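Please look over the sequence and the model below before reading on. The briefing that follows takes up a few of their features, grouped by topic.

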Amino acid sequence: MRASGIPCWLSDLDWVIQHLPGCSLSLPPLPIISEESILALIKSITAETNSRLQTEIDYSNRLALLQHRLEPQKTGPNKLITRTLRHYLTHVYKSHHRLSLTRLLCGDMVPITFHSSPARIHSLNLDENHSKRCRACLSPLQPESPQHVLLQCTANAAITTLRNEFLVDVAVFIPLPTTRTFTNVESLYYLKAFIFNWSTVRRVARFIHEVVVIWKAFTHQELDGSYDESSNEND
Ligand SMILES: [Zn+2]
């Protein structure tokens, strides 16, 4: 049927392969289809798909937390792996903590929850000032990035208290500056370090979730004046 140009499952499969994003492959011609040629095709599709995904991650500002990610291994040094079952999906047991961390990593909290992407580690220019500056400290050129709210901003007392407790907790596993204060560059570095460490990922997932709950309540109050720190979000 395929040789005659009649639609069939084999031609459907060929269409799907040819339309994979960034993929330039297709099924081999019928005369040379074999177990070996199909295994080689699967290997090529895997390599091209991984390359395409990695390129998209590397060039997306919203995915800055995933850039240069090294996956923790049970033994040996961390490795760059484009697709795998991520450690935070198996090590963070509470679903709402896991969901908050996953949303943050996948860029789902920018620009609604946090106005600036994690890639914003430099001061804002004047044109960006009103749309992207931190709504809590109102520092004129300070981007409201996730890492700023989580690790730098001291304008919200509840978040600052949570942060201090969290940093005491994780300092056992990751050496921290004695001042426990971070520059823009350092806050991105340490947030990634906390997430991509098997010993701290559960703690940082809980911290992120609790800060996001407080932050959403605070920014909601900015809109309608009804800030309530006790409000909760169990997605
Ligand atoms: Zn701030």
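**Briefing on the predicted model**

Helix H8 spans residues 184-195, and its twelve residues reach 17 Å from the first C-alpha to the last, close to the 16 Å expected at 1.5 Å a residue; that expected span is 1.5 Å times one less than the number of residues. Helices here are DSSP runs of H or I with at least four residues, numbered from the N terminus. This is a predicted model, in which local features need pLDDT of at least 70 and side-chain atom pairs count only at pLDDT 80 or more, while totals for chains, interfaces and linings use all residues. Residues are numbered from 1 along each chain as its sequence is written, and side-chain values use heavy atoms, with hydrogens and water left out.

**Burial in H8**
- The buried residues of H8 include Leu188, Tyr190, Leu191 and Phe194, where buried means under 20% relative accessible area, exposed over 50% and partly exposed in between, with a 1.4 Å probe and protein chains only.

**Zinc site**
- Cys134 (SG), Cys137 (SG), His148 (NE2) and Cys153 (SG) coordinate the zinc ion at 2.1 to 2.4 Å, donors being N, O and S atoms within 2.8 Å of the metal, or 3.2 Å for Na, K and Ca.
- The site of the zinc ion is tetrahedral, with angles of 105 to 116° among its four donor atoms, as four donors count as tetrahedral if all angles lie between 85 and 135 degrees.
- His148 counts as buried because its relative accessible area is 4%.

**Asn78**
- Asn78 lies in the loop between helix H2 (35-58) and helix H3 (87-91), and it is partly exposed because its relative accessibility is 36%.

Terms used. Helices (H or I, at least four residues) and strands (E, at least two) are DSSP runs, numbered from the N terminus. Four donors count as tetrahedral if all angles lie between 85 and 135 degrees; four count as square planar and six as octahedral if opposite donors are over 155 degrees apart and all others between 65 and 115; anything else is irregular.
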